[in-house]
Amino acid sequence: MTFAPPPLGRFPQPDAEYLMRDTTSHPPALAPAYKTSVLRSPKCALISLQQSLSEVTAPVFDASELGPLDNDLILNAAKDGLPVGERIVVHGYVHDQLGRPVKNALVEVWQCNASGRYRHKKDQYIGALDPNFGGCGRVLTDANGYYAYRTIRPGPYPWRNRVNEWRPAHIHYAISGNGWVQRLITQMYFEGDPLIPDCPILKSVPSEEQVRGLIALQDRSHFVPLDSRAYRFDIVLRGHRATLFENRVQAPVEGAST
Amino acid sequence: MIQSQQLLQPILRETASQTAGPYVHIGLAPQAAGFEIFERNFGNVLVDDRTEGERIRIEGRVFDGIGTVLKDVLIEIWQANAAGRYAHPADRQPGKVVDPHFRGWGRACTDFDSGVYSFDTIKPGSVTGRNGRAMAPHISFWIVARGINLGLNTRMYFSDEAQANAADPVINLIEWEQRRATLIAQREERKGGVPVYRFDIRLQGEGETVFFDV
């Protein structure tokens, strides 16, 4: 089937664009209860940009760039024994807003140890470092958008915001999808954590539905008997909308006007 | 042909963003956090000795709303190669080829003492934008840190491309002309070294960098 592109108008444009970001899915830049956001939030409105190749492309990663233990936080920093704490598997799917798997997405995770202490030179918390735990890992999603890694369940810890402020246990995620606009940083929390309702960072998320999306559920079906419990955490990235017309224009149309 | 089935599909909500927090280095730049864990690290050098194009260095600092230099910021950049092509299958611009020695992506942390970040890369070529209009050479920036709830997107342009910048469809979208200068990195020649482009980012207030909703 052939389709003659109109001489004026929508062509050429990227093969596929991403759905406009729904900002009500995210915390506002300024969330005063999270005090650090007060001086780090832009005051001017963001300028909305129609996507070009610069926005719909993104780095492509190769499995050979990752090491064999990169998705095993229990072993990837172990020196003379195993890290202390509850052994867990975390797994799930990365898909886009249209439900399609995001293949080959780079999922990077980092966290504190079971005592609530990060292996970071700037973390001064009294909770003990674990000589056998690093707290970072990474994995590429497979053809179904599936990822999994093994770790120690992180502990809660105090932080300076209000005097008696505690973060619920969480694992940080950075996800790099197939387009630059899919880049996302977030945090995964654990079902049933009593600190969740009181956390100013989590409370900056504008709806309960969106908060629920950040809470991993215990997944008994994936427990490893006599070894580890499991949590399921799915991630939704910006939707990839194919162009409405199947026959795509490959080259700029001569004389196309803007 | 309209793909009606796709149009009727329910649209899921994007997972909510959360701040990268103060310890973002552990996950994304563990060497900066003070330990070695991965064999291969993603860093701020985008070139090897076979990459085509003019070698440049990008340097800058990030400031908050009262002018404080921030020392816990992570920045990623994404750019086309010297020919103006992205190393991604969606880029099918005719006549431009991928450089096998250039992915075009890098990641840098602001220094814990000086607050300076830097990238070693090449100057990108011009990429064709929407409706066939050329975009001036530019680099996409993504900025995350403690206190930033949703990663900030901006673009860096080049001071020695005044003519191309004046015709750039994205720069021209910024209705406040005085704000356009916030996207232009200033070229400095350093003796015996590669040219340096200074690109400071102001998160808030006077001289606030233009950020994009992409």
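Mentor: A salt bridge here is a side-chain nitrogen of Lys or Arg within 4 Å of a carboxyl oxygen of Asp or Glu. This is a predicted model: local features need pLDDT of at least 70, side-chain atom pairs count only at pLDDT 80 or more, and totals for chains, interfaces and linings use all residues. Residues are numbered from 1 along each chain as its sequence is written, chains are lettered from A and ligands numbered from 1 in the order written, and side-chain values use heavy atoms, without hydrogens and water.

Trainee: How many salt bridges does the structure hold over all chains?

Mentor: Side chains of opposite charge can pair when their charged atoms come close. Counted over all chains, the salt bridges number 33.

Trainee: Which residue forms a salt bridge with Arg87(A)?

Mentor: Arg87(A) sits in strand 3 of chain A. Its partner is 140 residues away, in the loop between strand 11 (215-218) and strand 12 of chain A. The closest N and O atoms are 3.1 Å apart, and the partner is Asp227(A).

Trainee: Is Asp96(A) buried or exposed?

Mentor: Asp96(A) meets Arg100(A) in a salt bridge, 3.8 Å from N to O. Buried means under 20% relative accessible area, exposed over 50%, partly exposed in between (1.4 Å probe, protein chains only). Arg100(A) has 31%, so Arg100(A) is partly exposed. Asp96(A) has 4%, so Asp96(A) is buried.

Trainee: What is the angle between the planes of Phe158(B) and Tyr197(B)?

Mentor: The search finds 19 aromatic pairs over all chains. Rings of Phe, Tyr and Trp (its six-membered ring) pair if their centres lie within 6.5 Å; planes under 30 degrees apart count as stacked, over 60 as edge-to-face and the rest as tilted. Phe158(B) and Tyr197(B) are 4.8 Å centre to centre and edge-to-face, with the planes at 90°.

Trainee: Why does this pair tie together separate parts of chain B?

Mentor: Phe158(B) is buried, at 0% relative accessibility. Tyr197(B) is buried too, at 0%. Phe158(B) lies in strand 7 (residues 152-158) and Tyr197(B) in strand 9 (residues 196-198), so the pair joins parts whose separation in sequence is 39 residues.

Trainee: Which ring does the charged end of Arg138(A) sit over?

Mentor: A charge sits over a ring if NZ of Lys or CZ of Arg is within 6 Å of the ring centre and within 35 degrees of the ring normal. For Arg138(A), the charged end is 3.8 Å from the centre of a ring in chain B, that of Phe38(B).

Trainee: How many residues has the largest nonpolar core?

Mentor: A nonpolar core is a set of buried Ala, Val, Leu, Ile, Met, Phe, Trp, Tyr and Cys residues joined through side-chain atoms within 4.5 Å. Those with the most contacts inside the largest core are Trp110(A), Ile185(A), Leu202(A), Ile26(B) and Phe212(B). Its largest share, three residues, comes from helix 2 (residues 24-28) of chain B. The core has 61 residues.

How values were computed
Helices (H or I, at least four residues) and strands (E, at least two) are DSSP runs, numbered from the N terminus.
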